[in-house]
Amino acid sequence: MDAAAALAARGRPLARPNPAVGAIVVNAGRVVGRGWTRAGGRPHAEAEALEQAGDAAAGATVYVTLEPCAHTSTRGPSCTSLLLAAKPARVAIGVTDPDPRTAGSGIAALRAAGIEAEIVPTAAATASLSGYLLRMHQRRPHTTLKLATSLDGKIALPDGSSRWITGPEARAHGHLERSRVDAILVGGETLRADSPRLDVRLPGLHARSPQRFVLTRGKAPDGWQRVAEAAAPDAFGTAQHLMIEGGAGAAAAFLAADRVDRLLLYRAPVVIGDGRPCVGDIGLGSLGEAHGRWRLADRRLLGSDTLDVYERTR
């Protein structure tokens with residue numbers, strides 16, 4: 001299941017508006033088919049894996065991160081119908097689909113046909129679908145806040161100069177993270193001061209540049225979409241993954257609204273002193289309220305810089 005979740009990551013973000021799903025077909029201890037959701041949502045992961053497996057899918061075990069779709073579509077047969085025709089012995093499913101068009105009916109159809117259908121939840125499978133699940137349940141994307149700071153938590157000199165605090169390796173990693181989200185956001189002040197492009201500038205990944213949003217009560221310029229409030233439902237449409245890139249006001253607004261699920265903290269080995277802080281006031285009443293909210297998920301060196309990845313504990 002974790003291997004299927006790793007495959008699913010290849011579908012982000014081009015699978016939108018569909019979830020990025022991974023599937024693996026195993027027969028007699030051998031992988032005979034693999035698939036992940038392709039650009040535009042088709043083919044689905046199960047369809048690709050079953051086509052690759054061919055006749056070897058009969059009697060096999062299919063691992064799929066999300067319950068196979070069971071609703072009819074003009075774009076092709078449902079994955080449940082494809083599985084019924086392939087006749088595997090077992091389908092292991094990471095997450096039940098909250099889409100009301102499926103929502104358990106795929107599992108029920110498989111079981112009715114004598115195919116063992118079992119929920120096998122793993123942290124990796126759930127994490128791979130985090131954006132889809134949040135959009136379905138809470139009408140918002142999974143949100144990453146990126147902060148690139150000095151050791152003393154500054155993002156710029158007092159005059160606003162900020163290029164470059166971090167080195168080329170950290171900046172390249174930031175572009176890789178951009179390529180994995182549907183939407184990217186800055187605050188109105190950052191947009192006016194820096195005119196950021198917010199595109200992906202890595203070879204071969206230019207097509208993965210995310211949709212640009214600005215947090216402002218004013219009007220968004222051409223090529224941008226406006227978000228008035230951090231907690232506004234459906235503000236990002238069908239986007240499943242959002243990255244917040246700046247500045248301190250936008251970071252504070254999303255943290256105060258408890259809309260940040262993941263922190264990317266890039267720290268350069270420099271001390272700035274009197275500079276601009278990375279986050280504004282988030283409305284904490286006491287230090288006690290700040291503790292227990294974040295869990296360190298990863299730490300690595302990127303050139304001379306350090307990246308810490310934190311996940312929100314809920």
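1. In what sense do strand 8 and strand 9 pair, and over how many bridges? They pair in the parallel sense, over five bridges. Strand 9 covers residues 211-215. Within this pairing, I184 has R212 of strand 9 as its bridge partner. Two strands count as paired if DSSP finds at least two bridges between them. Helices (H or I, at least four residues) and strands (E, at least two) are DSSP runs, numbered from the N terminus.

2. A word on the basis. This is a predicted model, in which local features need pLDDT of at least 70 and side-chain atom pairs count only at pLDDT 80 or more, while totals for chains, interfaces and linings use all residues. Residues are numbered from 1 along each chain as its sequence is written, and side-chain values use heavy atoms, with hydrogens and water left out.

3. Eight strands form an open sheet in the order 10-9-8-11-6-12-15-14, with mixed pairing. Its edge strands are strand 10 (225-227) and strand 14, each pairing on one side only. From one strand to the next, the twist averages 25°. Angles run from 0 to 180 degrees between N-to-C directions, and axes are lines fitted to C-alpha atoms, for helices over the stretch in contact.

4. The hairpin. Strand 14 (residues 294-302) and strand 15 (residues 305-312) run antiparallel and are joined by eight bridges. L296 has Y310 of strand 15 as its bridge partner. Two residues lie between the strands of this hairpin. In the turn, G303 has a positive phi of about 65°.

5. The helix across the sheet. Helix 7 lies across strand 6, strand 8, strand 11, strand 12 (262-267), strand 14 and strand 15. Helix 7 runs at about 160° to strand 12. Contact here means heavy atoms within 4.5 Å.

6. The largest pocket. Its volume is about 1,200 Å³. The lining has 40 residues, and S162, T190, D194, E245 and G246 lie nearest the centre. Among the elements that each supply at least two lining residues are helix 7 (168-178), strand 8 (183-187) and strand 11 (241-246). The lining divides into 17 nonpolar, 13 polar and ten charged residues. Here Ala, Val, Leu, Ile, Met, Phe, Trp, Tyr, Cys and Pro count as nonpolar, Asp, Glu, Lys and Arg as charged, and the others, Gly among them, as polar.

7. The second largest pocket. It holds about 980 Å³ of space. Of its 35 lining residues, A127, S130, H142, R262 and E311 lie nearest the centre. Helix 5 (residues 123-128) gives the largest share of the lining, five residues. The lining counts 16 nonpolar, eight polar and eleven charged residues.

8. The cavity. The structure holds one cavity of 30 Å³ or more. The largest cavity has a volume of about 50 Å³. Its lining includes R12, R16, D182 and H241. On a 1 Å grid over the protein atoms alone, a cavity is a set of points where a 1.4 Å probe fits but cannot get out; a pocket is an open set with protein on both sides within 12 Å along at least five of seven lines; lining residues have an atom within 4 Å of a point. Grid points are joined across faces, edges and corners, and a volume is the space filled by probe spheres set on the points.

9. A buried residue. T65 is found in strand 3 (residues 61-66). T65 is buried, with a relative accessible area of 0%. Buried means under 20% (1.4 Å probe, protein chains only). Not counting residues up to four places away in sequence, T65 touches residues including M1, V21, G94 and L129.

Methods
Buried < 20%, exposed > 50% of the residue type's maximum accessible area, 1.4 Å probe, protein only.
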